[in-house]
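Colleague: Could you walk me through this model, beginning with how the strands are put together?
Modeller: Gladly; here it is.
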Amino acid sequence: MKSPVIKLGALIAVFVIAGVAVFAYTSVTEDKTSESEVEKGLAVIKELESVEVADVEKILESIAREKAESEQEWNERSLKERYENAMVLGDSEAASLSAYDILSENEVAALVGCSIEAADEHVQAAIDARPSVVFMTYGKNDLGRYGSPEEFVDVYAEKISTLQKGLPDAKIYITSIFPSAQFVKDERPYMANDTAFNEALQKKAEKMNLEYIDCTELVSDEYYEPDGDHFIKDFYELWAEYLADTVGL
């Protein structure tokens, strides 16, 4: 059974086309234009008389089908395609995205063990690449470096300010720091600072009118590598997809 919407659309299309033709015919007769022009107008009306609603329905159905196929194609793009105009900056977490071939190398600027203080090279790489979207994913290597979360986010804000000057039209997102496994926090108590640092990051993002993306709920024990700090490939794929979905890539 054909959709009532399609039927209604078909009828509307026919009436609109007919209306335009009648208007054109009326205009030419009122303006006392040439006989040949009047005949042309009549010919158009006669043609419209032969248009079947079913024909218009078929056209509308074809348009709807093409649109659906196009949307499906769009939704089935690979992560690399979705990140074509985006860039992820960070430490080993971000580096894993390209190391596992989830994203292309030119979509990532990252270094294992990198702290926010050492992010200048990545910031410049993003400015040179000129993406429209940038994800800042630093912090895990900073949990034991700073005396307070506030010191950390102040340095973070400096890097973002540089990025904003170089990419004034880019959309910049701050992502949360991933928690380590509990046994890691027991062995290195400073790793338990992730919650306080994330709260400070969120407040700083709000102050700078930036969006903070909380990814901590993605983490579960099944995704940890044996070291309790890093994750298996499945997690990084999940993370990349979550970021893309969140910002509409």
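Colleague: Which residue is the bridge partner of G90 in β2?
Modeller: The partner is A110. Keep in mind that this is a predicted model, where local features need pLDDT of at least 70 and side-chain atom pairs count only at pLDDT 80 or more, while totals for chains, interfaces and linings use all residues. Residues are numbered from 1 along each chain as its sequence is written, and side-chain values use heavy atoms, with hydrogens and water left out.
Colleague: And how many bridges hold β1 and β2 together?
Modeller: Three bridges join β1 to β2 (residues 108–110) in the parallel sense; strands are DSSP E runs of at least two residues, helices are H or I runs of at least four, both numbered from the N terminus, and two strands pair if DSSP finds at least two bridges between them. The chain goes from β1 to β2 by way of helix α5 (residues 92–99), in a β-α-β crossover that is right-handed, meaning that with the strands pointing away from the viewer, the path from the first strand over the helix to the second runs clockwise.
Colleague: What about β3?
Modeller: β3 (residues 133–136) runs parallel to β1 and is joined to it by four bridges, with V88 standing opposite F135.
Colleague: Why is β1 described as largely enclosed?
Modeller: Because five of the five residues of β1 (residues 86–90) are buried, that is, under 20% relative accessible area with a 1.4 Å probe and protein chains only, where over 50% is exposed and in between is partly exposed. Both faces are covered, with A86, V88 and G90 buried on one side and M87 and L89 on the other.
Colleague: Back to α5, what covers its buried residues?
Modeller: The cover includes β1, β2 and α10 (233–247), where contact means heavy atoms within 4.5 Å. Six of the eight residues of α5 are buried, among them E93 and L97.
Colleague: And which residue caps its N-terminal end?
Modeller: D91 does, with a side-chain oxygen 3.1 Å from the backbone nitrogen of E93. After α5 comes D101, with a positive phi near 60°.
Colleague: Changing topic, is D194 buried or exposed?
Modeller: D194 is buried, at 4% relative accessibility, and belongs to helix α9 (residues 194–207). Its side chain makes a polar contact of 3.2 Å with that of K185; the term covers a pair of N or O atoms within 3.5 Å, one able to donate a hydrogen and the other to accept it within protein, and residues adjacent in sequence count only if both atoms are side-chain atoms.
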